[in-house]
Amino acid sequence: MDAASAVIQRLQEGQPPWRDVKGLLALSDLANQPMNRTPALFVLNIDERASADIRGSGPVLQTISLTVGVVCIERIGNRGAADLMPLRKEVRRRLFGWSPEGFEALALAGGQLLNVTSGQVAWIDKFTTEYTEDANSP
C-alpha cells in the first residue's frame with residue numbers, strides 16, 4: 001500500500017470530526033472537487049526524494065524520503081472566520097509518530113494556507129516519512 005492510501009485509511013478510522021477523506025493526484029485537482037460536505041480532508045503524495053546508493057556496488061539499495069500532504073477544507077462562518085485548529089490537531093494526533101506499514105514514523109514537515117475562496121478556507125499540513133527500495137527485492 002502506498003503512503004497516501006495508508007494515511008487515508010488511518011484518517012477514516014473511528015469517529016473523525018471531518019465528513020470526507022479523499023485522495024488527490026495533485027494539488028491542482030483540488031479545484032475540481034465538490035466541496036459541499038465540509039469539513040473535508042484530501043491526501044496526496046507531494047514529494048519524493050531518493051538518497052544515494054547505500055551499498056556502493058552491486059544491487060542498488062536506497063532510502064526514499066516522501067512528503068505526504070493533508071489538505072483541510074472548512075467553511076467560513078457568518079463572521080468571516082474559520083477555525084481549522086481543531087481539525088489540524090486531530091490530523092496531527094492521528095498521524096504524527098504513526099508508522100504506516102513499510103514506512104518510518106510520520107514526522108511534521110510544516111504547513112501553509114492554500115486559499116480562501118467561495119466561503120471556504122484550505123490549509124495543507126505536510127508529513128515526512130522514509131522507506132527503502134532494494135534492487136534485490138521483487
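Visitor: What should I know before I start?
Guide: This is a predicted model, where local features need pLDDT of at least 70, side-chain atom pairs count only at pLDDT 80 or more, and totals for chains, interfaces and linings use all residues. Residues are numbered from 1 along each chain as its sequence is written, and side-chain values use heavy atoms, with hydrogens and water left out.

Visitor: Which way do E1 and E2 pair, parallel or antiparallel?
Guide: Parallel, over 4 bridges. E1 covers residues 20-23 and E2 covers residues 40-50. Strands here are DSSP runs of E, at least two residues; helices are runs of H or I, at least four residues; both are numbered from the N terminus. Two strands pair if DSSP finds at least two bridges between them.

Visitor: Who stands opposite Lys 22?
Guide: Phe 42, in E2.

Visitor: And how many bridges join E2 to E3?
Guide: 10, and those two strands run antiparallel. Arg 49, for one, has Ser 65 in E3 as its bridge partner.

Visitor: Let's pick Thr 67. Where does it lie?
Guide: In strand E3, residues 61-75.

Visitor: Why does Thr 67 count as buried?
Guide: Because its relative accessibility is 15%. Buried means under 20% relative accessible area, exposed over 50%, partly exposed in between (1.4 Å probe, protein chains only).

Visitor: What does Thr 67 touch?
Guide: Leu 44, Asn 45, Ile 46, Asp 47, Lys 126, Phe 127 and Thr 128, not counting residues up to four places away in sequence. Contact means heavy atoms within 4.5 Å.

Visitor: New topic. How many residues are in the largest nonpolar core?
Guide: 26. Val 7, Leu 11, Leu 41, Val 43, Val 70, Val 91 and Leu 95 touch the most other members. A nonpolar core is a set of buried Ala, Val, Leu, Ile, Met, Phe, Trp, Tyr and Cys residues joined through side-chain atoms within 4.5 Å.

Visitor: Which element gives the most to this core?
Guide: Helix H1, with 6 residues.

Visitor: On to H2. Which residues are buried there?
Guide: Leu 87, Arg 88, Glu 90, Val 91, Arg 94 and Leu 95. Seen down the axis of H2, they fall within an arc of 165°, so they line one face of the helix. The arc is that of the directions from the helix axis to the C-beta atoms.

Visitor: What covers them?
Guide: The cover includes H1, E2, E3 and E5.

Visitor: Which exposed residues are on the face turned away?
Guide: Lys 89 and Arg 93.

Visitor: What follows H2?
Guide: Gly 97, whose phi is positive, near 85°.
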